[in-house]
Amino acid sequence: MMEKMFENCISLEKIIIKDIITSKVQYFSCMFYNCKCLKSIDLNSFDMSSCKDISFMFKNCISLESLNITTWKPCNLSDMREFLCGCSSLNSIDMRSLFSSISFRYISKDRWLWDCDRNLSVKVR
């Protein structure tokens, strides 16, 4: 489990994550919850094939401007509630690989973009 790993690390601005094996991890919920100073993160190295839950993963990351998840392909995702809720500095995000690997209508996704910038560009197709 990687849920709540960096939760409430309020001063965390940058993190480089390498060589973490995530292929069997199912729960990433609240991983970066309330990391208010986090500006950018590249999580393309994460193998999300077993992932079920990314709810609240980046909630209240108010300084987050760049998030790279272009390689994510979670086959079993069932919960992404408030995934990017409160990410008011995020300008764009490419979620095409994520949405190509899941059936979006069967996922709990309440307020997954709540309180984001109105001009946020989300690529899903």
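The exercises below concern this predicted model and are each followed by a worked solution.

**Exercise 1. Confidence and layout**

Determine how confident the predictor is in the chain and which element has the lowest mean pLDDT.

Solution. 
- Step 1: The chain has a mean pLDDT of 87, and 89% of its residues reach 70 or more.
- Step 2: The elements of the chain are one helix and four strands, and along the sequence they follow the pattern β-β-β-α-β.
- Step 3: Among these elements, strand β4 (residues 121-123) has the lowest mean pLDDT, 73, while β1 has the highest, 94.
- Step 4: Where pLDDT is low, predicted coordinates should not be read in detail.

**Exercise 2. The chain as a whole**

Solution. 

**Exercise 3. Cysteines**

Solution. 
- Step 1: A disulfide is a covalent bond between the sulfur atoms of two cysteines.
- Step 2: The cut-off for such a pair of sulfur atoms is 2.5 Å.
- Step 3: The closest cysteine sulfur to that of C37 belongs to C35 and lies 9.1 Å away, which is too far for a bond.
- Step 4: The structure as a whole holds zero disulfides.
- Step 5: C37 is partly exposed, with a relative accessible area of 29%, whereas C30 is buried at 12%.

**Exercise 4. A lysine and a glutamate**

Is K59 buried or exposed, and with which side chain does the side chain of K59 make a polar contact?

Solution. 
- Step 1: K59 is located in the loop between β1 (40-42) and β2 (66-68).
- Step 2: The relative accessibility of K59 is 17%; because buried means under 20%, K59 counts as buried.
- Step 3: The side chain of K59 makes a polar contact of 2.6 Å with the side chain of E82.
- Step 4: E82 is found in the loop between β2 and β3 (92-94) and is also buried, with a relative accessible area of 7%.
- Step 5: The phi of E82 is positive, about 50°, although E82 is not a glycine.
- Step 6: Beyond its neighbours within four places in sequence, K59 is in contact with several residues, including F32, F83 and C85.

**Exercise 5. The nonpolar core**

Identify the residues that touch the most other members of the largest nonpolar core, then describe the surroundings of M57.

Solution. 
- Step 1: The largest nonpolar core has 37 residues, and F32, L43, I54, F58 and F83 touch the most other members.
- Step 2: M57 lies in the loop between β1 and β2 and is buried, with a relative accessible area of 0%.
- Step 3: With neighbours within four places left aside, the contacts of M57 include F32, L43, W72 and F83.
- Step 4: L43, on the same terms, is in contact with I17, F32, F58 and W72, among others.
- Step 5: M57 and C85 are 28 residues apart along the chain, and their C-alpha atoms are separated by 8.9 Å.

Methods:
Residues are numbered from 1 along each chain as its sequence is written. This is a predicted model: local features need pLDDT of at least 70, side-chain atom pairs count only at pLDDT 80 or more; totals for chains, interfaces and linings use all residues. Side-chain values use heavy atoms; hydrogens and water are left out. Buried means under 20% relative accessible area, exposed over 50%, partly exposed in between (1.4 Å probe, protein chains only). Helices (H or I, at least four residues) and strands (E, at least two) are DSSP runs, numbered from the N terminus. A polar contact is a pair of N or O atoms within 3.5 Å; within protein, one must be able to donate a hydrogen and the other to accept it, and residues adjacent in sequence count only if both atoms are side-chain atoms. Contact means heavy atoms within 4.5 Å. pLDDT is the predictor's confidence in each residue, from 0 to 100. A nonpolar core is a set of buried Ala, Val, Leu, Ile, Met, Phe, Trp, Tyr and Cys residues joined through side-chain atoms within 4.5 Å.
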